Amino acid sequence: MTTDNKGEVILRVVPRITDINSNGHIFGGWVLSQMDVAGGIVAGRIAQGPVATVAIESMKFISPILLGDIISLYAYEERRGRTSVGIRVNVTATRGRSERKIDVTSGLFTFVALDDHHRPRPLPA
Ligand SMILES: CC(C)(COP(=O)(O)OP(=O)(O)OC[C@H]1O[C@@H](n2cnc3c(N)ncnc32)[C@H](O)[C@@H]1OP(=O)(O)O)[C@@H](O)C(=O)NCCC(=O)NCCS
């Protein structure tokens, strides 16, 4: 399976040894939190203010991330509602000296624009 690496690279990160599970793979929760950060950056730009993650859908772990991989997180708007925006976040790993990118995860994160009372706020036009 391949992901469509549309959008811009929002984050580039390198997992550390403490992010590894007993299989020698990076914890799913580690990559998920990086994806939440990357999606939140794009959603915050669209909302022009604070956002909260309300849902994570269709999360796929395609290939393991290994120690030494350089992780690139791509994110773009996939759908928009009145107060919410769905941000697709695709993650690739660059391994060893190769420039080849391996698709590792993909998910659709829904963010809600918040007002000063932490309640949903209509997105700007
Ligand atoms: C985000 C929050 C303010 C939304 O409040 P709410 O009362 O559920 O708001 P609404 O029911 O009016 O829904 C707001 C929007 O979210 C969407 N939404 C709510 N639940 C959803 C879900 N499970 N999946 C996808 N979209 C969802 C609604 O469709 C609506 O979108 P629209 O206005 O574009 O049509 C509230 O749920 C909350 O504070 N959740 C905790 C957020 C949080 O702590 N996140 C983790 C850290 S950032």
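Around the ligand sit 14 residues, and Thr53, Arg82, Thr83, Ser84 and Arg119 come nearest; a residue counts as near if one of its heavy atoms lies within 4 Å. Keep in mind that this is a predicted model, where local features need pLDDT of at least 70, side-chain atom pairs count only at pLDDT 80 or more, and totals for chains, interfaces and linings use all residues. Residues are numbered from 1 along each chain as its sequence is written, and side-chain values use heavy atoms, with hydrogens and water left out.

- Thr53 brings a backbone N or O atom to 2.9 Å from a ligand nitrogen, a polar contact (a pair of N or O atoms within 3.5 Å).
- Taken alone, the ligand exposes 970 Å², and the protein buries 48% of that (Shrake-Rupley areas, 1.4 Å probe).

**What the shell is made of**
- Strands β2 (51-61) and β5 (101-113) each supply at least two shell residues; strands here are DSSP runs of E, at least two residues long, numbered from the N terminus.
- β2 gives the most, with four residues.
- By class, the shell has six nonpolar, six polar and two charged residues.

**The aromatic pair**
- The structure holds one aromatic pair, where ring centres must lie within 6.5 Å.
- Phe109 and Phe111 form that pair, 6.4 Å centre to centre with 15 degrees between the planes, so it counts as stacked (planes under 30 degrees apart).
- Both Phe109 and Phe111 are buried, meaning under 20% relative accessible area (1.4 Å probe, protein chains only).

How values were computed:
Polar contact = N/O pair within 3.5 Å; in protein donor to acceptor, adjacent residues only side chain to side chain. Nonpolar A, V, L, I, M, F, W, Y, C, P; charged D, E, K, R; others polar. Phe/Tyr/Trp six-rings, centres within 6.5 Å; stacked < 30°, edge-to-face > 60°. Buried < 20%, exposed > 50% of the residue type's maximum accessible area, 1.4 Å probe, protein only.
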